[in-house]
Structure formats: structure tokens, C-alpha cells
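Here is a short briefing to read with the model open beside you.

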Amino acid sequence: MGSRFLALSRWVLIVALLLVGLSGETCNAKDDSTKCTSSCGNIHNISYPFRLQHDPTHCGDLLFTLSCENNSTLLVDLPPSGKYYVQAINYDNQTIRVVDPGIQKNNCSSMPQNFPTFLRDPYSAHNMSGYLLSTPVFYIKCSNPVNSSLYVDTAPCLNINASSLVQQKTYSYVKVGVMEVGDLNEGCSAEWVALALLNYSKGYNTSYESIHSALTYGFGLLVLRPDEIAPICQGQWSSNLKCFPHTIPGT
């Protein structure tokens, strides 16, 4: 009887040690998610919460997955807008700087191809106070020439010519800064918008070449930390990053 009890005690001890070991491995894997580092092209020290697409599964957070093309170009997918080139990651102020893939350096006729609409966490074009991190650049088409300090002529970079004798010639401009009531002249329409890191004051004078250069530098996005992202409550109401049912059982 005593030998059986001793053998059973040994098995209990072995199982207990195995469970402790497994829990230790789980904790270590969780801790390692903040210690993994990767690189892609000129972007080094890609670390938590970011991860690359082919990193080990315990690295980073899946919501912050980036892709590396040809080991030289880092991309982030921002639906529904599209993919952008990542130029820099700032872990201190929780921002990344990205560039539209349609913009080409030393080619001022290149235009952005993505409409900057960011509806999905963890990325936002606004800071925590609700202000835009970057300056909007509106592409405007007018049926007649416009003489306004708000409008910057895109010629000779962008020339919009009539494709037929019947079609009326149009004129291309950009307006830097938020579009306010009365900023859009008669016969003009806003065709597209981009974002850029520009020091802007209303009525300032500059060239489209300098604006395009700012577009090639990119724009900033706020990156929410995993603990700052609101949960998807699916039919429930949310408060302070938590989900609550609309009705309480038993009431």
C-alpha cells in the first residue's frame, strides 16, 4: 500500500512539474512577442506591436502586420484606402509616416492613387484630440482659369487638355489645407485629395513642385496601442473599451 502511495505521489509531482513547465513556456512566448525585432530595407528595429508577415506567430500583434517586398520595401495595408509605403516608424509618439504608391520622386506628374480614408483601427489620420496629423491637399478641376491665392497651378506638371473638339478645356489646381465654405470657386470641382506633412498658412505662396515634394515625403498616421483599440461589441454597447449587453438577465 505504501509503495503504491509513493508511486502515485511521484506521478502527481511529475504532472505538476509538467504543468508548471508548460505555463512557463506560454508566459515566455507571450513575453517574446515584445522582444522580436525585424527589418526591411531602410526600416530597422521593427518591433512590438508591429510584425512582418512571415515572422514567427508569437511575434508582435497580428493586427499590426506589415509586409516586406523584395527585402527593400515595407508596406502597410490600410483598407479601404489601399496599401502604402512605410517610410518611418516612431515608437515614442505612436506614429508612422507613409507614402502613397502612386507618388514618384522627381516626377511631379505622378499623382496619388489611394483616397486617404482610414476607417479601421489601429491607424488614424487624427491625433487623440481629433486634429489631423497632416495637411490635406485637394486636387481641383476648373472650367475656367482661376486667379486666387488659395489655388496653386499644377502646370506644367499636370496639364488637363480636352480630349476632343467638343469637350471643353479644363484647368488643374491644388488647394492646400482644409476646404472651407467659399473656397471652391464657381465652375470648379474637387476631384481628389491627398495628405502631406506641410507647414501651412492660409494664402501662402508656393509652387506645385514643392507641394509634390512634400507628398513624396509622406504623411503621418497615429497608431493605437493594442490596449487602446475598442473591441468589436457585435450588438452590444461599448464604454471605456469594454462591451456591455443592452439588457441585464433577470431584470
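How many residues lie between β4 and β5 in the hairpin that they form? There are three residues between them, and N70 in the turn has a positive phi of about 55 degrees. This is a predicted model, where local features need pLDDT of at least 70, side-chain atom pairs count only at pLDDT 80 or more, and totals for chains, interfaces and linings use all residues. Residues are numbered from 1 along each chain as its sequence is written, and side-chain values use heavy atoms, with hydrogens and water left out.

**Strands around the hairpin**
- Strands are DSSP runs of E with at least two residues, numbered from the N terminus, and two of them pair if DSSP finds at least two bridges between them.
- β4 (residues 65-69) pairs in the parallel sense with β3 (residues 51-52) over two bridges, and R51 stands opposite T65 in β4.
- β4 also pairs with β5 (residues 73-78), in the antiparallel sense over three bridges; S67 has L75 in β5 as its bridge partner.

- A cavity is a set of points on a 1 Å grid over the protein atoms alone where a 1.4 Å probe fits but cannot get out; lining residues have an atom within 4 Å of a point.
- Grid points are joined across faces, edges and corners, and a volume is the space filled by probe spheres set on the points.
- The structure holds two cavities of 30 Å³ or more, and the largest cavity has about 80 Å³ of space.
- Its lining has 14 residues, with D100, P112, A194, L195 and F219 the closest to the centre.
- β12 (188-196) and β7 (95-99) are the elements that give two or more residues to this lining, and β12 gives the most, with three.

Note on methods:
1 Å grid on protein atoms, 1.4 Å probe; cavity = no way out; pocket = protein on both sides within 12 Å on 5 of 7 lines; lining within 4 Å. Helix = DSSP H or I, 4+ residues; strand = E, 2+ residues; numbered from the N terminus.
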